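Colleague: Hi, could you walk me through this model? I'd like to start with the overall picture and then go into some local details.

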Amino acid sequence: MEKLVNVYFFGKKYAVPESLTIMEAMEYAGYQLVRGCGCRNGFCGACSTIYRIAGDRTLRTCLACSTKVEDNMYVATLPFFPLVKAVYDIEKVKPTEQIMMQLYPEIYSCIGCNACTNACTQGLNVMQYIAYAQRGEYEKCAEESFDCVMCGVCSSRCPAEISHPQVAMLARRLNGKYLAPHCDHLDERIQEINNGKYELLLEDLMGKPVSEMKELYNHREIEK
Amino acid sequence: MYHDTFMQESIKKVEAAREANVRLDPRRMTAEEKEVLLKTYHPDYRENQFTELKIGPNKGGEVPVELAELLQGKARITASQVDLSNPDYDVDVLVIGGGGAGASAAIEAHENGTNVMIVTKLRIGDANTMMAEGGIQAADKPGDSPAQHYLDAFGGGHFAAQKDLLYKLVTDAPDAIRWLSELGVEFDKATDGTMITTHGGGTSRKRMHAAKDYSGAEIMRTLRDEVLNRQIPVVDFTAVIELIKDENGKCAGAVLQNMETKELLVAKAKTVVLATGGAGRLHYQGFPTSNHYGATADGLVLAYRAGARLLYPETLQYHPTGAAFPAQIYGALVTEKVRSLGAMLINANGEAFMNPLETRDVSAASIIRECTDRGNGVPTPEGFGIWLDTPMIELKNGEGTIEKRIPAMMRMFGKHGIDIRKEPILIYPTLHYQNGGVKITDDGQTDIENLYAAGEVVGGIHGRNRLMGNSLLDIIVFGRNAGKHASQKAKEVSVGALTLSHIDAFNQELADAGIKIETVSPKLLPDYRRVK
């Protein structure tokens, strides 16, 4: 029998095996999850969780799907957090400093407390990427925030009421669309396809019997 | 850190052989070797795990036993239980599913000027798209061509793909990348704009585009943001539990159920796009899965009960590299990109027993053989695993490559005390993808008029096995395609009187065939509560 630890879901005590994640422990305890459960592997940000270990005053944050339970853990889930999402037309915005002032002016109220960074479930330097956004350095903001799963825990801790994940989302789209170097070989290939360059080749392949296709496939050259 | 003695001893062998293994390029298997391997070890060939459907459009065909139970299961409602006369929603295009295909379809339908709504049982973005790591294929480089892409995919899928769909997949691929780029998706590029591309299993050219190892997440969050910018209504935490037809037998909406309050709602629509995704959470044959919590084959059930044929529903993809250790991430996806970047599959004795870039079905079968008959697996709490020698990546590409190219993998194992830059990881096949699904035409329509389908719920695009990077591609190409055609069609449709009579007809068929299954379907969510 595996060792059990005591965890408290919303204040109520359950004894669960120590190897489980918080999410698995809730299910072990009898919860059939609808909210607060998504990809179950750290990519979707559905299972934001806050907790304290009894006797330790530090408030901790994590994703329930990828954090193991601990003895005397007091857990509350945060399955939804009301982030502010500004609506904009990606074709009309431009990667200027003004756009952040216009859409997310609260970022300039950052008091530098670093609570966002301390709370990030992905271990990102959130305050730093907000600083980049303030200065209109969208490429840096995009890179620094890239691993964000938009769980919203940072924003729940922010005294300046910033919706960090949405700020970063805008920065990444601006970077991807306007600032990243343009890909010429992509345009050229699309042009070739539109001009019908591959029609005959493809029709020829589609018309071949399976035996011939097998021959072609099994002997095709593989790029090193 | 590995604390298990066997693992520690085995790692010493892996480390001792690394220098020599790095220089190897194990030969690819011949077509004959692959055929024997698959028949002996691939889960799709375990006959007792499949059963014949007794009713419906695929009557006489084989499907996994777990799927048969749902396809021939009990509807959640009776026809008389729902008042269809006063719909709660009335739209041009109803998109069912909030993943990559659904979002793409909704954006195109909106672009085409129609009134479109998304309904999804969890949140928008809660989908396998979000979890796709490795990349997206497109033949957009000199030295490659759509024809080469076609050949790779057709052969990798055992020459069974529906040709018109595969043609569309490969010829629309570059435009899909352009569309995503223009929405702001950040692909890995060199400073001159050239796409940084790698191989995937079974590709003959390096055409895998990526956004680090968050490729799907980057695409999904961008599409979600675009849906929200366009203010397309998203009815979340609301599942579709039955399709609605009109008196002429055409699809005309859906019965919805609030996942929390259980309230029933009716959505009337001129056309419907089914984009409900896959089935990993059915855990076929007891396999763990890399799939999202909501991947329960709902779309197959909805479409089948309404009379749509399925294509290749008996073919599943087991991703060769699911995490086998530690238990907390058992079954989680370890992206194929790890092998694209040079990590090799190594057995317990330190031997590179196969080429790491065979197609997924062949790789999975080969790993299963290594862990069973050959006895070369590493024992884990859940069974066995094979080493994926990640430190090779830095030996081959230089220090820092892992952090730069596969940060999600580094983080996933790092959370459990394993540094993949210094230590190899244990993997075993995990249930990953539904190769088959609802049959469609090249305009995205199913057997039922005005019911379109896109994404993993569709069957036929990939034949009997899918290549890495062709799924992110297919959800974009066929999601957009379904959105365009469904919205165009909606402009000329006039909906007749709504009916749920197909439920009664299906119940009659069940009774006539003597089937009494108490399981209700669609399943909606798995149940992982402890059975006491």
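This is a predicted model: local features need pLDDT of at least 70, side-chain atom pairs count only at pLDDT 80 or more; totals for chains, interfaces and linings use all residues.

Colleague: Thanks! How many helices and strands are there in chain B?
Modeller: Chain B has 16 helices and 22 strands, where helices (H or I, at least four residues) and strands (E, at least two) are DSSP runs numbered from the N terminus. Its radius of gyration is 23 Å, close to the 24 Å from the globule rule for 532 residues, so chain B is as compact as a globular protein of that length. That radius is taken over C-alpha atoms, and the rule is 2.2 Å times the number of residues to the power 0.38.

Colleague: And what does the C-alpha trace of chain B span along its principal axes?
Modeller: About 75 × 55 × 45 Å. Of the 532 residues in chain B, 68% count as buried; buried means under 20% relative accessible area, exposed over 50%, and partly exposed in between (1.4 Å probe, protein chains only). Among contacts in chain B with a separation of 6 or more, 75% are between residues 24 or more positions apart, a contact being heavy atoms within 4.5 Å.

Colleague: What about charges in chain A?
Modeller: There are 24 positive and 28 negative side chains in chain A, with the centres of the two sets 8 Å apart. Lys and Arg count as positive and Asp and Glu as negative, while His and the chain ends are not counted; each charge is placed at NZ of Lys, CZ of Arg, CG of Asp or CD of Glu. For chain B the numbers are 59 positive and 69 negative, with the centres 2 Å apart.

Colleague: Let's do strands. In which sense do S1(A) and S2(A) pair?
Modeller: Strand S1 (residues 4-9) and strand S2 (residues 12-17) of chain A pair in the antiparallel sense over six bridges; two strands pair if DSSP finds at least two bridges between them. Val7(A) has Tyr14(A) in S2(A) as its bridge partner. The hairpin has two residues between the strands, and Phe10(A) there takes a positive phi near 55°.

Colleague: Which residue in S5(A) is opposite Tyr8(A)?
Modeller: That's Tyr74(A). S1(A) and strand S5 (residues 73-77) of chain A pair in the parallel sense over three bridges.

Colleague: Nice. What is the order of the open three-stranded sheet in chain B?
Modeller: The order is S12-S18-S20 (chain B), with mixed pairing. Strand S12 (310-311) and strand S20 (458-459) of chain B are the edge strands, each pairing on one side only. S12(B) pairs with strand S18 (residues 437-439) of chain B in the antiparallel sense over two bridges, and Leu310(B) stands opposite Val438(B) in S18(B).

Colleague: Is Thr446(B) buried or exposed?
Modeller: Thr446(B) counts as buried, at 7% relative accessibility. Thr446(B) lies in the loop between S18 and strand S19 (451-453) of chain B. Leaving aside neighbours within four places in sequence, its contacts include Ala308(B), Val438(B) and Leu451(B).

Colleague: Last topic: where are the cis peptide bonds?
Modeller: One runs from Phe325(B) to Pro326(B), with omega near -5°, and another joins Ser521(B) and Pro522(B), with omega about 0°. Pro326(B) is in the loop between strand S13 (316-323) and helix H10 (337-340) of chain B.

How values were computed:
Residues are numbered from 1 along each chain as its sequence is written. Chains are lettered from A and ligands numbered from 1 in the order in which they are written. Side-chain values use heavy atoms; hydrogens and water are left out.
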